[in-house]
Amino acid sequence: QDLDGTGITTSEVTFGEVTSGYFDANPGTAARLPTLAKVIPKMTPEECAAVLLRVIDRPKSFVFAPFLLRVSQIFADLFPSIMAWLVRMT
């Protein structure tokens with residue numbers, strides 16, 4: 001809202017798990033990921049960068065990558081209780 005009328009647009013980009021050094025640098029964090037996260041493909045930093053470049057070329061308000069992450073968000077919007085239960089499963 002603050003940027004309305006300025007010609008500046010924003011995009012919210014949400015990535016799933018990225019194959020970076022994050023989990024090596026933060027021991028134990030991978031074990032706390034929900035079981036559901038294991039079915040969503042991991043992305044490389046290069047794949048994330050490609051998504052960001054596409055969003056710069058063709059802006060969208062909300063972007064989820066990989067696509068299966070978007071599917072899980074739609075499912076969560078439609079069935080929040082079931083999705084909350086699935087996320088709690090480990």
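The legends below describe close-up views of one predicted model. In this predicted model, local features need pLDDT of at least 70 and side-chain atom pairs count only at pLDDT 80 or more, while totals for chains, interfaces and linings use all residues. Residues are numbered from 1 along each chain as its sequence is written, and side-chain values use heavy atoms, with hydrogens and water left out.

**View A. The largest nonpolar core has six residues.** The members of this core are M43, C48, V51, V55, V63 and A65. A nonpolar core is a set of buried Ala, Val, Leu, Ile, Met, Phe, Trp, Tyr and Cys residues joined through side-chain atoms within 4.5 Å, where buried means under 20% relative accessible area, exposed means over 50%, and partly exposed lies in between (1.4 Å probe, protein chains only). Helix 2 (45-57) and strand 2 (62-65) each supply at least two residues of the core, and the largest share, three residues, comes from helix 2. Helices (H or I, at least four residues) and strands (E, at least two) are DSSP runs, numbered from the N terminus.

**View B. V63 and V55 are shown with their contacts.** V63 lies in strand 2 and counts as buried at 13% relative accessibility. When neighbours within four places in sequence are left aside, V63 is in contact (heavy atoms within 4.5 Å) with E12, V13, T14, V51 and V55. With its own neighbours within four places likewise left aside, V55 is in contact with S11, V13, K60 and V63. P27, by contrast, is 36 residues from V63 in sequence and 29 Å from it in space, C-alpha to C-alpha.

**View C. Two aromatic pairs are found in a search of the whole structure.** Y22 and F23 form an edge-to-face pair, 5.1 Å centre to centre and with 85° between the planes. The rings of F75 and F79 have their centres 5.1 Å apart and their planes at 45°, so this pair is tilted. Rings of Phe, Tyr and Trp (its six-membered ring) pair if their centres lie within 6.5 Å, and planes under 30 degrees apart count as stacked, over 60 as edge-to-face and the rest as tilted. Y22 is partly exposed, with a relative accessible area of 46%, and F75 at 30% and F79 at 39% also count as partly exposed.

**View D. The largest pocket has a volume of about 290 Å³.** Of the 15 residues that line this pocket, the closest to its centre are G16, P34, A37, I40 and L69. Helix 3 (67-78) and helix 4 (80-88) each supply at least two lining residues, and the largest share, four residues, comes from helix 3. On a 1 Å grid over the protein atoms alone, a pocket is an open set of points where a 1.4 Å probe fits, with protein on both sides within 12 Å along at least five of seven lines, and lining residues have an atom within 4 Å of a point.

View E. L36 is found in the loop between helix 1 (22-25) and helix 2, and at 24% relative accessibility it counts as partly exposed.

Note on methods: Points joined across faces, edges and corners; volume = space filled by probe spheres on them.
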